[in-house]
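Open the model in your viewer and keep the sequence panel beside it. The tour below goes stop by stop, with a selection at each one.

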Amino acid sequence: MSIQSPCFPVVNGNLRLPIASFPSSTLRSGQRISGNGAWIHKRGRVCVKSEANTDEETSSSSSESTTSGNASSFLSVLCPLLKLFSVSSPFKLSAHQSVSFSVLTIRSLFFSLDCCFQGGDPSQQRNHALEVATSSLASIARLPWGSRVSSMSTDVSSSPPLRLQLFEFEACPFCRRVREAMTELDLSVEVYPCPKGSVRHRELVRRSGGQEMFPFLIDRNTDTLMYESGDIVKYLFNQYGNGRGPSTGLLESTLFTGWMPTLLRAGRGMSLWDKAPTDPPPQMLELFSYENNSYARLVREALCELELPYVLHNIGEGSTRMRSLLNVSGSDKVPFLVDPNTGVQLGDYQKILAYLFKTYSSPASA
């Protein structure tokens, strides 16, 4: 199986800007942007602004009372609060909605059963029964999105010649919305995880788009850079879904059940592991997966916490890429990991997790 070199070349141990053909310093307000987004100048930088800035985690310190700000604050405090098992007050989900801590009360019971589960060192032995149970509940919460390919998206000719590049982190509900759309559209994409504490990939987003806000999409086929998950989803369907709109409820449901996987998984896939490698591997790993697969979610969380860039091959039900998976693995089961740096190919999620944390822990702290 041919494995392409990563889009971010490594020079003297550092990643170069992934979009050398249109760096942020050369962007102009007339450059193409799709969806509801529009290029604007702000404080000497070029960034994307939507008519409804209602999602995405951002590093801005602005005190604007918008839904986006509430979502940002929610994500900023979610992980530490979960680790403290706090159940005394509700989180604000948005200006008009809140999330009850009854889910967290149940979740704290799981913690009491295994003090090492989730909140501790992700490289240590896990209670896999509980891991799979919570991930499976997360998948149920997001049915039917992110599991199958749209019947109108099965034409392989609609796949872009250059892979899309997605900057995101696994625990973000709005990043999840985009990944669900990519599964439905049967798209392969280069994923650059941006967990909290990340320097490498978050800096690339800031330099490319003007601010640290996620998800952030780069489409080199159309010279498009885009923030805002809703705008990204609409752009993807317009560009690669034969002009049709997102499936019913995909956009709207995020505000209701999009947070459930984040809560049930206690913020796993949100923060950088303290032993993550300081430099990326020479070649990108490849993961065969689909968004709502409970086992694949565990692997994506680990890749995020290690800040390992990878090619995500979405293999939802009805995918045109199923033959590729069968050729490389001899099975139609996901997740399946290919590491061209070591030649390792693994199909069991437990083995994949053990391999990733053993192989890519920082030598200085291992």
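How many of the 10 residues of helix α5 (residues 200-209) are buried? Select the helix and see. Seven are buried, so α5 is largely enclosed by the rest of the structure. This is a predicted model, so treat each stop accordingly.

**Stop 1: α5.** Colour the buried residues: R200, H201, R202, L204, V205, S208 and G209. Then step past the end of the helix. G210 follows α5, and its phi is positive, near 105 degrees.

**Stop 2: α3.** Select residues 128-141, which make up helix α3. Now mark the buried residues of α3: H128, L130, E131, V132, T134, S135, A138, S139 and A141.

Stop 3: Is I140 buried or exposed? Its relative accessible area is 53%, so I140 is exposed. With I140 they form a nonpolar patch on the surface, with about 290 Å² of accessible area together.

**Stop 4: S247.** Go to the loop between α6 (229-240) and α7 (254-257), where S247 is found. S247 counts as buried because its relative accessibility is 18%, under the 20% cut-off. Show side chains here. The S247 side chain makes a polar contact with the side chain of E184, at 2.9 Å. Beyond its neighbours within four places in sequence, S247 is in contact with W145, E184 and F237.

Methods:
Residues numbered from 1 in each chain as written. Predicted model: local features only at pLDDT ≥ 70, side-chain atom pairs only at ≥ 80, totals over all residues. Heavy atoms only, no water. Helix = DSSP H or I, 4+ residues; strand = E, 2+ residues; numbered from the N terminus. Buried < 20%, exposed > 50% of the residue type's maximum accessible area, 1.4 Å probe, protein only. Polar contact = N/O pair within 3.5 Å; in protein donor to acceptor, adjacent residues only side chain to side chain. Contact = heavy atoms within 4.5 Å. Expected span 1.5 Å × (residues − 1). Patch = residues over 30% accessible without salt bridge, like charges linked within 9 Å, V, L, I, M, F, W, Y side chains within 5 Å. Areas by Shrake-Rupley, 256 points an atom, 1.4 Å probe, with all protein chains shown as cover. Salt bridge = Lys/Arg side-chain N within 4 Å of Asp/Glu carboxyl O.
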